[in-house]
Amino acid sequence: MTEAKLISALNEENLSHFSKTYVPSRLLLGPGPSNAHPEVLRALALNPIGHLDEAYISLMSDVQQLLRYTWQCNNRLTLPMSGTGSAAMEASIANFIEEGEKILIAKKGYFGDRLVDMATRYKAQVSVIDKSWGEAFTYEEIKYEIETKKPAIFAIVHAETSSGVLQPLDGIGDICRKNNCLFLVDAVTSLGALELLIDEWKIDLAYSCSQKGLSCPPGLSPFTMNKRAEEKLSSRKTKVPNWYLDLSLLNKYWGSDRVYHHTAPVNMNFAIREGLRLIANEGLENVWNRHNTNAKKLWNGLETLGMELHVSEDYRLPTLTTVKIPPAVDGDGFRNHLLRNFGIEIGNGLGELSGKVWRVGLMGFNSCEENVDRLLNLFDTELKKFSIFESSTF
Ligand SMILES: *Cc1c(COP(=O)(O)O)cnc(C)c1O
């Protein structure tokens, strides 16, 4: 026998304390990921098949058809990209920006900042309009900015998960068309949960993720683009500066040719097919109604307990609620208590809302009455234990 030169500190004896992989059971009521549906987990656990197997190719077509339904669009180029939401976000920038081109980004939270960062890395000429975290842009503000700045792309987040704001998108598609500009929408926390009509709202390209509204684990990012976007892509003067996310290459695999580009994460595609099938089975409008009804129940319940919500009801986001941490309460203490003793995750505030709000998500499979009741009950019975001053009320 040859003596292999293994690293001695990493020998089998030292590693024998590892048990089989185990993770605690959690109810994920934070900003994502959300729990996966049991049927999705069943699909995920199937044995992989080849990514060019005819059975897999037919599954790809199912996924695309189900995605078109969920996006409410007829776009030929509709596909789940390999990677989390940020992958399709980056694809939207990498493919549609050429060096020096103007992009206008309407930023009202953390994810607007990420778009700015990506667009800057791809050497766009970036213009930004800002709103404080908790507010939405008006139609007039957006119209004015597009008409004066004349960008090649206008980008905005539909459901801002950092602040809990739902941005109305009515009429923006028309403004973009009149000004010869592409309309790019981040629908990461709205796809499969909230009303979203890609064709009717004249959205040219949009992206989302698998782990929020679609009841799947993280790992895929649905993407869709229409003819206007295809024309812009085919008129590029330079190569897309990102190989993995190059849509002209991805199109060869997800278009009619089915030519190898990268090995598809086949199990994640089994999972998303199942998540999308469950949505189609329930009916898109029923899914939207369920999310709205359960969110309203949460809002009313929190207000009844004397809590304050961060965002005004007109543009409050049903999938993610920002609730103010009462001044006398140790916010992190309560959050950790819920996780350690009840297995429930809620989120803390991001960026400028850190320490000021908790973020409660009701997304996909997790948007149900029972979860709302359970959480409200815990706010009622447990929160008083986290008052910084012994006898304070809030
Ligand atoms: C979660 C999220 C993203 C990023 O998606 P990842 O899956 O974390 O990469 C982008 N935009 C918004 C609005 C999000 O909520």
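**Entry 1: ligand site**

I began at Thr189, where a polar side-chain atom lies 3.0 Å from an oxygen atom of the ligand. I read this as a polar contact, that is, a pair of N or O atoms within 3.5 Å; within protein, one must be able to donate a hydrogen and the other to accept it, and residues adjacent in sequence count only if both atoms are side-chain atoms. The model is predicted, so I noted that local features need pLDDT of at least 70 and side-chain atom pairs pLDDT 80 or more, while totals for chains, interfaces and linings use all residues. Residues are numbered from 1 along each chain as its sequence is written, and side-chain values use heavy atoms, with hydrogens and water left out.

I then looked up Lys212, which has a polar side-chain atom 2.6 Å from an oxygen atom of the ligand. In total I found 13 residues around the ligand (a heavy atom within 4 Å). The closest are Thr84, Ser86, Thr161, Asp186 and Lys212.

**Entry 2: domains**

I took the domain bounds from an automatic or database domain assignment. Domain 1 consists of 27–33 + 285–386, and domain 2 of 38–281. Their centres, taken over C-alpha atoms, are separated by 27 Å.

**Entry 3: the interface**

I looked up contacts (heavy atoms within 4.5 Å) and found 24 residues of domain 1 touching 27 residues of domain 2. The two domains bury about 2100 Å² between them, with 69% of it on carbon and sulfur atoms; buried area is the accessible area (1.4 Å probe) lost on putting two parts together, summed over both. Of the area that domain 1 buries against domain 2, Trp288, Tyr315 and Leu317 supply 31%, more than any other three residues.

**Entry 4: salt bridges elsewhere**

I recorded 21 salt bridges in the structure. In one of them, the side chains of Arg273 and Asp62 meet at 3.0 Å, N to O. Arg273 lies in helix H10 (residues 266–282) and Asp62 in helix H3 (residues 54–71), so this pair ties together parts 211 residues apart in sequence. Helices here are DSSP runs (H or I, at least four residues), numbered from the N terminus.

Conventions. Salt bridge = Lys/Arg side-chain N within 4 Å of Asp/Glu carboxyl O. Helix = DSSP H or I, 4+ residues; strand = E, 2+ residues; numbered from the N terminus.
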